[in-house]
Amino acid sequence: MSLTIRIMDVHAREILDSRGNPTVEAEVTVIAGEGAFGGPCINGRNMEAAAGNHKETVGNCGCPAPVGAPYPLSGKLFTGRASVPSGASTGRFEAVELRDKESRYQGKGVQKAVRNVNTVLREALLGRNALCQEEIDKILVETDGTENKEKLGANATLSVSMAAARATAAALDMPLYRYLGGISAKKMPVPMMNILNGGKHADNTVDFQEFMIMPVSAKSFQEGLRICAEVYQKLKQLLVKDGLSTGVGDEGGFAPSLKNPKEVLDYIVKAALAAGYQPGSDIKIALDVAASELYQEDSGMYYFPGETKALHGSRGDLISSADTKESSVLRSTEEMIALYEELCKEYPIISIEDGLNEDDWDGWKKLTERLGDKVQLVGDDLFVTNTGRLSAGIRLRTANAILVKVNQIGTLSEAFAAIEMAHKNGYKAVISHRSGETEDTIIADIAVAVNAGQIKTGAPCRTDRVSKYNQLLRIEEELGGVSVYEDPFRD
Ligand code: PGA
Ligand code: ZN
């Protein structure tokens, strides 16, 4: 018995992401069943012309006639739609996000990537069996033919890869997480929820990119989400009380100008307590330093522009960086590690992402030796969802978790391969959004499909972030009694 779900059409368009920049949205249309379970169609390309009239033409394309029981949805068309996110603190080793580099949208148009989908990728996929996601993704990878998808764009390939999965799940009348994960998909992820933004995601004086909370003591995702949202609201009240800005950064976390990481952490601890939760037992803290953005190639040091400004000017009256050159806050690799050790002693920090530069394997190894047995060390720019870089990390014993961003690699199968490699080697996998997002919620389904146990998808603020959390609420409700929610750091 082999059910086939043939690709009948592939179409992309340019849409906007949450920062108002263009991104690629694709639709893949499939036809379910081809009349029966059975009769593999080898020459599916003929099916394009047969859309809407395929029953009569099954067999005309040179295939053996289908045999077996009819599939109830046989002959129906299904369309899956997906859109691609985009980073700001993009790692140097990520697959290429193809941008037009023309005057429209200040060079950020994606018409070339859209054209690549609508021509060469469409041509390569018409008639293929979308039920073989790996096969579809292999075709995408091979049609591009480059190491980092620079020819067609990882934004082009990913849009199709994800839309094909959605269309197939629809044709199977299955929820996406179930299609992607099979019978074992049941673990709800603990949110790694961003509540305070800095770095490239805001224009405040906070240098670490993300301060996040993890509701580890909750009994369900729904409860964990509520805890985070309550802490978020308390944090807002505390900031208002102190006359600080409650404007938000790209991922919906507040972006006040605070003077250093400790000041931020103090606010988070206070907000948790004010909301009635115990930092350390109910809530743990996670950081994304995004240290590659702070790293200076020439000096080999990490430069903290916000901390420098905050040291030299009063808040809201920051002096120019030229005035502060002599007394800049710079930290060496050793000083960065020492800073993390100090912060982990003083605050209930359980996870640190991109604590060091994306190229600094020696530094990462040291960091892992010093903190790896107590703290989750997540490689984002370091691993870029790439099995080649992850296997190097595993070999060198660097980090102990991988951040998974599907657009860093450009197809679902490759992202899943990275997750599988991580899990097999005792590394954790955290499924993640990008700072530029859309209303697409696929990462929620992926997190459950692979039983990742952790998801990072911003603040409980702005629909591009909240939509993922809301999708997880739906999935948890659907899973009912079989869903599992647990502290990912419990021994
Ligand atoms: P990015 O940020 O999407 O801008 O890369 C997210 C992250 O660094 O984790
Ligand atoms: Zn990151």
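These are my notebook entries on two ligands and the residues around them.

**Entry: the model.** I am working with a predicted model.

**Entry: around ligand 1.** I looked up which residues surround ligand 1. There are 15 of them. The closest are Ala88, His201, Arg434, Ser435 and Lys456. I then sorted the shell by class. It holds eight charged, five polar and two nonpolar residues.

**Entry: polar contacts of ligand 1.** I checked the distances from side chains to oxygen atoms of ligand 1. For Ser435, a polar side-chain atom lies 2.6 Å from an oxygen atom of the ligand. Glu353 has a polar side-chain atom 3.1 Å from a ligand oxygen. For Lys405 I noted 3.2 Å, again from a polar side-chain atom to an oxygen atom of ligand 1. Next I looked at cover. On its own, ligand 1 has 280 Å² of accessible area, and the protein covers 100% of that.

**Entry: the zinc ion.** Which residues coordinate the zinc ion (ligand 2)? I found Asp288 (OD), Glu353 (OE) and Asp380 (OD), at 2.0 to 2.2 Å. Along the sequence, the donor residues follow the spacing D-x64-E-x26-D. I traced Asp288 to strand 7 (residues 283-288) and Glu353 to strand 11 (residues 349-353). The two are 65 residues apart, so I noted the pair as a link between distant parts of the chain.

Entry: Are Asp288 and Glu353 buried or exposed? Asp288 has a relative accessible area of 1%, which is under 20%, so I count Asp288 as buried. Glu353 is also at 1%, and therefore buried.

**Entry: Glu353 again.** I went back to this residue. Glu353 coordinates the zinc ion, and its side chain also has a polar atom 3.1 Å from an oxygen atom of ligand 1.

Terms used. Residues are numbered from 1 along each chain as its sequence is written. Chains are lettered from A and ligands numbered from 1 in the order in which they are written. This is a predicted model: local features need pLDDT of at least 70, side-chain atom pairs count only at pLDDT 80 or more; totals for chains, interfaces and linings use all residues. Side-chain values use heavy atoms; hydrogens and water are left out. A residue is near a molecule or strand if one of its heavy atoms lies within 4 Å of it. A polar contact is a pair of N or O atoms within 3.5 Å; within protein, one must be able to donate a hydrogen and the other to accept it, and residues adjacent in sequence count only if both atoms are side-chain atoms. Accessible areas come from the Shrake-Rupley method with a 1.4 Å probe; for residues, only the protein chains shown count as cover. Ala, Val, Leu, Ile, Met, Phe, Trp, Tyr, Cys and Pro count as nonpolar, Asp, Glu, Lys and Arg as charged, and the others, Gly among them, as polar. Donors are N, O and S atoms within 2.8 Å of the metal (3.2 Å for Na, K and Ca); water is not among the atoms, so sites may look incomplete. Helices (H or I, at least four residues) and strands (E, at least two) are DSSP runs, numbered from the N terminus. Buried means under 20% relative accessible area, exposed over 50%, partly exposed in between (1.4 Å probe, protein chains only).
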